[in-house]
Amino acid sequence: MSVSALARLVSVVAVVTGYVALHLVISAGMDLRDRARFQDAPAHAAALVAALDRYAGGNVSAGDAILEQRAWFDTNRPAAGETRAAVTLTTDAALDGDIAVARLFAGDLDQRIDQNQAGYDRELRSSARTALVWLLPSGLLVALARWLRRRRRRSVADVVELVRRYVPDRPWWRRPVFVVLNGFGFLFLVPGFFGVITATQAHQLPVVARLLTGLGALIAIAAGTLILRQSRHRTARGAASALRADGRRPVLYLRSFADDETAATVDRMPGGVEVSALSIYSREEQLAGALSAVGPVIAVGRPGEPLPYLGAARFYLPDDEWRAGVRTLMDLSQLIVLRLGVGEGLWWEVEQVRATQPAHKLVLLMPGRWADLTEQLAEHLPTPSRIREVAGGDPWTSAVVTFDQAWKPHTYPVPAHDRKKPMATSAHRVAGAMQAALAAVGVHKRTMALRVGLRSFSSIGRFLLLVPVAAVLIRVWLLLAG
């Protein structure tokens with residue numbers, strides 16, 4: 001198992017154990033709070049007996065004092081309930097005028113309080129011991145995860161140092177704020193998704209109910225989509241942050257800036273309106289999700305763009321440094337994925353890859369129609385090889401091309417439709433072809449196509465993550481407010 005995979009596994013286990021430990025600590029805190037409050041029970045019991053004596057002596061106003069002490073015991077009642085029951089019987093008998101019975105019930109009140117205090121002590125010891133049992137391994141796992149994370153980061157320190165200079169500085173609070181806002185977007189989107197399913201599939205419901213459900217679902221989807229559209233670009237990690245978080249050598253994604261708009265297209269998922277409600281991920285996002293099986297995907301951003309495109313983590317090279325920066329990153333990357341297109345800069349990058357990098361590092365993504373590009377590509381290959389255009393391929397990416405050691409190209413078509421997988425999006429089909437192409441050059445990543453599918457439905461997972469977070473916040477609020 002690689003250091004990166006081990007670090008992720010340890011981090012997940014640390015988060016789960018830490019979450020359980022946090023709940024146990026909150027429970028122990030509640031037990032401590034209740035025990036501390038019940039420490040005043042003997043004084044309130046004495047006040048109740050004194051008020052009972054005054055009431056027996058004819059002091060009618062002492063009845064209010066009796067009710068006041070009963071209210072305190074009702075609020076601070078122990079779990080076992082012996083003391084509260086005795087107080088209730090005492091006050092009921094006294095207010096009914098049966099003072100002798102009231103004194104009888106109040107006679108063993110101190111003993112019941114002692115029993116309840118002992119019960120509180122046992123509960124506190126038990127909850128504190130259980131919390132400690134979970135806290136110790138949780139702390140050790142967190143320490144191990146941090147150590148593995150630092151070790152993982154050291155392996156890409158040179159890449160991070162290079163890229164960090166070209167990532168614009170942002171306020172530290174910006175990403176956390178928009179991550180929270182992003183969560184609210186999913187909070188609207190996912191219930192809207194299930195509302196659409198209910199409105200279209202629940203035929204047993206009255207027509208009016210289905211119409212109202214569908215209308216509410218569409219409003220929720222529209223609100224969630226609007227929030228996500230405004231927040232998701234602002235939650236994107238920069239290239240340096242993505243490299244530090246992952247710890248593996250990057251995948252360098254090269255393309256013409258003119259292709260960014262096409263790659264930002266969100267393809268609707270096949271299967272009807274209820275499935276298409278979750279179509280929020282662009283082609284490049286899904287492509288980057290597939291390539292994340294190899295490593296973090298980084299790309300040079302278009303200079304001057306107000307917000308980065310989603311998908312590959314961006315960094316921005318000055319005009320006078322971009323060639324040197326790209327050449328260095330080619331050397332430091334474990335894979336170079338290059339989408340053919342127009343522009344002198346792109347063809348310079350093709351030439352640099354061919355001249356300075358081993359053939360197995362290069363993966364070409366061929367656009368939907370590229371007959372005019374094959375001759376130009378052949379001029380940059382060391383052997384007179386011509387890549388034949390794939391007929392009827394996917395209109396976005398019709399083929400994936402890899403090279404053997406002699407720079408002989410091998411083409412893997414991307415079909416426009418997949419009969420075996422009718423739910424597959426364009427990016428899913430590209431990932432399948434890329435998975436086969438990389439396997440031919442010794443890079444076996446069997447989860448590439450799966451990662452695209454998981455990326456498409458991760459909105460449900462993001463929504464579900466709000467549930468445990470909300471559970472912790474509610475318990476903390478109860479602890480502080482109680």
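Modeller: Let us begin with helix α8 (residues 174-201) and helix α9 (residues 207-231), whose axes come within 7 Å of each other and cross at roughly 155 degrees; axes are lines fitted to C-alpha atoms, for helices over the stretch in contact, with angles from 0 to 180 degrees between N-to-C directions, and helices (H or I, at least four residues) and strands (E, at least two) are DSSP runs numbered from the N terminus. This is a predicted model, in which local features need pLDDT of at least 70 and side-chain atom pairs count only at pLDDT 80 or more, while totals for chains, interfaces and linings use all residues. Residues are numbered from 1 along each chain as its sequence is written, and side-chain values use heavy atoms, with hydrogens and water left out.

The angle makes α8 and α9 roughly antiparallel (over 145 degrees; under 35 is roughly parallel, 65 to 115 roughly perpendicular and the rest oblique). Their crossing is left-handed, a term for a near helix turned anticlockwise from the far one by less than a right angle, with clockwise being right-handed. Sorted by class, the residues of this contact are 14 nonpolar, 12 polar and one charged, where Ala, Val, Leu, Ile, Met, Phe, Trp, Tyr, Cys and Pro are nonpolar, Asp, Glu, Lys and Arg charged, and the others, Gly among them, polar.

Helix α4 (residues 82-95) and helix α6 (residues 109-154) have axes that come within 8 Å and cross at roughly 155 degrees, so α4 and α6 are roughly antiparallel. Here, too, the passage of α4 by α6 is left-handed. On the α4 side, E82, T83, A86 and V87 meet L109, R112, I113 and N116 of α6, contact meaning heavy atoms within 4.5 Å. Of the residues in this contact of α4 with α6, four are nonpolar, two polar and two charged.

A further pair is helix α2 (residues 41-56) with helix α3 (residues 62-75), whose axes come within 8 Å and cross at roughly 155 degrees. The angle therefore makes α2 roughly antiparallel to α3. The contact involves, among others, A41, H44, L48, L52 and Y55 of α2 and A62, I66, Q69, W72 and F73 of α3. The residues of the contact between α2 and α3 comprise 12 nonpolar, three polar and one charged, and α2 passes α3 in a left-handed crossing.

W72 and F73 lead us to the aromatic residues.

The structure holds five aromatic pairs, a pair being rings of Phe, Tyr and Trp (its six-membered ring) with centres within 6.5 Å, stacked if the planes are under 30 degrees apart, edge-to-face if over 60 and tilted for the rest. The ring centres of W72 and F73 are 5.0 Å apart and their planes stand at 85 degrees, so this pair is edge-to-face. W72 is buried at a relative accessible area of 16% (buried is under 20%, exposed over 50% and partly exposed in between, with a 1.4 Å probe and protein chains only), and F73 is buried at 1%. W322 and W348 also form an edge-to-face pair, at 5.1 Å centre to centre and 70 degrees between the planes. This pair links distant parts of the chain, since W322 is in helix α14 (residues 322-332) and W348 in helix α15 (residues 344-356), 26 residues apart. W322 counts as partly exposed at 21% relative accessibility, whereas W348 counts as buried at 15%.
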